[in-house]
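Take a look at the fold below. Then work through the questions.

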Amino acid sequence: MHYAIRDKERAIVVEYVDGSGYPTIYENELGVMANDPQYPVQVAEAQKHIEAAAARSDETVDVWNKLDSGVTGRFSHLAAINAEYINRGADKDMRNNGLGRAFSILNAMEIVPSTMYWLWVSPDSQMIGYGNVVDIENKDYYYRTVNNPDIRKVDLNKIDFGSVAYSAQDIYQQVPMFTEMTAVQ
């Protein structure tokens with residue numbers, strides 16, 4: 001089991017991997033986590049890509065080496081994106097800040113159905129079918145699914161937990177939404 005836990009001050013990764021029943025806890029300095037391999041191995045692999053991204057010059061800044069879609073490649077890609085954001089800072093493009101940036105990063109983690117096979121799990125294809133972004137300070141949760149890419153928001157400040165009964169909704173049974181575009185003549 002792997003858990004990423006974050007509050008306003010710290011981020012950690014908690015792993016239960018050794019069979020002893022006790023977790024191993026790591027400071028999540030990279031700001032990302034994957035299910036496998038163990039976190040120190042993920043960090044070592046990602047460090048190579050972080051260093052390569054940081055070494056780019058003004059002439060090569062637009063070059064980004066393609067990483068594989070396996071768990072280590074996706075983790076390394078996200079770690080390098082986070083490191084570059086820290087190293088180079090935010091720019092004036094609003095897509096690179098806040099919610100748009102967070103969901104752009106999630107795009108790098110999503111696995112389109114029928115493109116990934118972890119045969120040790122199942123002979124069937126696997127996928128990541130949803131993504132969520134949490135605004136801890138404002139207590140807002142944003143999510144979308146592979147079936148409906150519209151970003152939806154849950155504002156915890158607007159929920160009276162003392163009076164609302166628990167309910168659940170299947171997030172995958174939604175019809176995909178799109179806007180039909182026509183040619184202008």
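The questions below go through a predicted model, from its sheet to an aromatic pair.

Q: In what order do the three strands of the open sheet lie?
A: The pairing in this sheet is antiparallel. Strand 1 (2-6) and strand 3 (24-27) are the edge strands, as each pairs on one side only. The order is 1-2-3.

Q: Which residue in strand 2 is the bridge partner of Arg 6?
A: Strand 1 and strand 2 (residues 11-15) run antiparallel and are joined by five bridges. Strand 1 covers 2-6. The partner of Arg 6 in strand 2 is Ala 11.

Q: At about what angle does helix 1 run to strand 2?
A: Helix 1 spans residues 39-54. The helix lies across strand 2 and strand 3. Its angle to strand 2 is about 125°.

Q: Is Tyr 39 buried or exposed?
A: Buried means under 20% relative accessible area. Tyr 39 has 3% relative accessibility, so Tyr 39 is buried.

Q: What kind of pair do the rings of Tyr 26 and Tyr 39 form: stacked, edge-to-face or tilted?
A: The model has one aromatic pair. Planes under 30 degrees apart count as stacked, over 60 as edge-to-face, and the rest as tilted. The ring centres of Tyr 26 and Tyr 39 are 5.6 Å apart and the planes are at 35°, so the pair is tilted.

Q: How many residues apart in sequence are the parts that this pair ties together?
A: Tyr 26 is partly exposed, at 22% relative accessible area. Tyr 26 lies in strand 3, and Tyr 39 lies in helix 1. The pair therefore ties together parts that are 13 residues apart.

How values were computed
Residues are numbered from 1 along each chain as its sequence is written. This is a predicted model: local features need pLDDT of at least 70, side-chain atom pairs count only at pLDDT 80 or more; totals for chains, interfaces and linings use all residues. Side-chain values use heavy atoms; hydrogens and water are left out. Two strands pair if DSSP finds at least two bridges between them. Helices (H or I, at least four residues) and strands (E, at least two) are DSSP runs, numbered from the N terminus. Contact means heavy atoms within 4.5 Å. Axes are lines fitted to C-alpha atoms, for helices over the stretch in contact, and angles run from 0 to 180 degrees between N-to-C directions. Rings of Phe, Tyr and Trp (its six-membered ring) pair if their centres lie within 6.5 Å; planes under 30 degrees apart count as stacked, over 60 as edge-to-face and the rest as tilted. Buried means under 20% relative accessible area, exposed over 50%, partly exposed in between (1.4 Å probe, protein chains only).
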